[in-house]
Amino acid sequence: MSTFPSLVALQTPLLVAYSGGLDSTVLLHWLWRCAQATGTPLRAVHVHHGLQVSADAWVQHCQQQCDALGIELAVHRVQVDTGAGLGLEAAARQARRAAFSAELREGETLALAQHQDDQAETFLLRALRASGIDGLAAMSDDSALHGHRLWRPLLHTARGALHDYARAHALRWIEDPSNHSDDADRNFLRLHVLPLLRQRWPHAAAALAGSAGHCAQTRALLDEEDAELIAHLEVAPRVLSLELLRQVSPARAARVLRAWVRAHGAAPLPATVLQQLQQELLGAASDRQARVRWHDHAIQQWRDHAYLLPAVLPALPGDWQVDWDGRAPLALPDGGQLRLLGGAGFTPPLQVRARHGGERILLPGRNHSHALKDCLQREHLAPWRRAQLPLLFRDGQLMAAADVVLSAPLQAWLQAHDAQLQWRPGGW
């Protein structure tokens, strides 16, 4: 049986997730004692799911306990979306995470009360779902939630030690009646499987949590290798070389794709989508333009590269037009921006609009104009970027296609004024 941890020095202000149950009650009291010793600001947040008839009474209990300790309590009432196909437990967890993110203040760390038995249950659940190393690593002591540190200080402490702490300090907590139902998978493991395992192996929870820790160490090593490989394969932000990716093993390529989209904030790749990517991108001819979509993102193949894009890219309205003198950044309708760096401004202003087709431009060092379409192909501008391209005109003459193609007159003006045109497309 593990012992309960000693008081620790707190480095940042804390927001403690407080349900009123045993685990979070112990965590809150222990961290309150730590905060008293170091003078660290500490608050609590309670999420009212509305799933139990006693939910309002739980809020009242949590408020009373926090008042007794002089702790500020924030209460978030959430709607659990049970129609999203996640299941009640996952939907409630998603709602809690959203509430925590909304409540966190700048510089605060979120503290959660998961302990060693929770880790053992998570490991078993992941194993029963045939998870790989990443899944079997289960929960981390330290992770992140939308730019904030997420800390589980009791992750290596057994549930029994929490009970001992609560009794020693005469703490009061709520017993959630749903904990006694084995309908949920986690509760089934907690009520039936783990007690049976302990009959034969008394340290079963510690052993399972230890296996999760070993998996976490292996995952960390693989993550380091993935990051090094992505640095070699990513030829531009959100752009992978498929030619280079095909040179690694299929298993490594799968890890790299998962790590790549995760690093750029996209939703995790489902197994079916990953399989489709390997079939259509890694096995495809270089001239194909395969496209695979999931959630809010898509991976598009173009010229033997994989581009990570929003699933729906905005385009400039065909009838949009505005005058721009360059003295301030120009916000584009698709969420992008045009900027003039270093120059005082255009006199008279330029007209900015979307492409209509058939435009021609006079390039530096040339005596006659060229079709803009041909210029863009030579610049290797992806087709979806061409739909977002803002064109700059003066008296009906095309001066530039964003910062991709510059006319002879505009390039001379920019050089004379030591200026630069900069375009940031919308949607990225």
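How far is the sulfur of Cys34 from the closest cysteine sulfur, and in which residue does that closest sulfur sit? The first point below gives the answer.

This is a predicted model, in which local features need pLDDT of at least 70, side-chain atom pairs count only at pLDDT 80 or more, and totals for chains, interfaces and linings use all residues. Residues are numbered from 1 along each chain as its sequence is written, and side-chain values use heavy atoms, with hydrogens and water left out.

1. Cysteines. The sulfur of Cys34 lies 16 Å from the closest cysteine sulfur, which belongs to Cys66, and that is too far for a bond. The structure has zero disulfides, a disulfide being a pair of cysteine sulfur atoms within 2.5 Å. Cys34 is buried, at a relative accessible area of 0%. Cys375 is buried too, at 3% relative accessibility. Buried means under 20% relative accessible area, exposed over 50%, and partly exposed in between (1.4 Å probe, protein chains only).

2. Helices (H or I, at least four residues) and strands (E, at least two) are DSSP runs, numbered from the N terminus. Strand β2 covers residues 42–48, and seven of its seven residues are buried. Leu42, Ala44, His46 and His48 point one way from β2, while Arg43, Val45 and Val47 point the other way. Strand β1 (residues 14–17) pairs with β2 in the parallel sense over four bridges; two strands pair if DSSP finds at least two bridges between them. Leu15 has Arg43 in β2 as its bridge partner.

3. Helices α7 and α8. Two packed helices are described by the angle between their axes and the distance between the axes. Axes are lines fitted to C-alpha atoms, for helices over the stretch in contact, and angles run from 0 to 180 degrees between N-to-C directions. The axes of α7 (residues 185–200) and α8 come within 8 Å and cross at roughly 105°. The two helices α7 and α8 are therefore roughly perpendicular (angles under 35 degrees count as roughly parallel, over 145 as roughly antiparallel, 65 to 115 as roughly perpendicular and the rest as oblique). Leu194, Leu197 and Arg198 of α7 meet Ala204, Ala205 and Leu208 of α8, where contact means heavy atoms within 4.5 Å. By class, the contact of α7 with α8 has five nonpolar, no polar and one charged residues. Here Ala, Val, Leu, Ile, Met, Phe, Trp, Tyr, Cys and Pro count as nonpolar, Asp, Glu, Lys and Arg as charged, and the others, Gly among them, as polar.

4. Helices α8 and α10. The axes of α8 (residues 204–233) and α10 (residues 250–263) come within 9 Å and cross at roughly 80°, and α8 and α10 are therefore roughly perpendicular to each other. Residues making the contact include Arg219, Asp223, Leu229 and Leu233 of α8 and Arg252, Val256 and Trp260 of α10. By class, the contact of α8 with α10 has seven nonpolar, no polar and seven charged residues.

5. The five-stranded sheet. This open sheet has the order β7-β8-β11-β10-β9, with antiparallel pairing. Its edge strands, β7 (234–236) and β9 (291–294), each pair on one side only. Neighbouring strands of the sheet are turned by 25° against each other on average, direction ignored. Helix α8 packs on the sheet, touching β7 and β8 (239–241), and its direction makes about 45° with that of β7. Helix α10 lies across β7, β8, β9, β10 and β11, running at about 35° to β11.

6. Strand β10 and its neighbours. Six of the six residues of β10 are buried, so β10 is largely enclosed by the rest of the structure. His297, Ile299 and Gln301 lie on one side of β10, and Ala298, Gln300 and Trp302 on the other. Four bridges join β9 to β10, which run antiparallel, and Val292 stands opposite Ile299 in β10. The hairpin of β9 and β10 has two residues between the strands, and His295 in the turn has a positive phi of about 50°. Trp302 stands opposite His305 in β11, and His297 has Pro310 in β11 as its bridge partner. In the hairpin of β10 and β11, also with two residues between the strands, Arg303 takes a positive phi near 50°.

7. His380. This residue lies in the loop between α12 (372–378) and α13 (383–386). His380 counts as exposed, at 51% relative accessibility. Not counting residues up to four places away in sequence, His380 touches Trp302 and Arg303.
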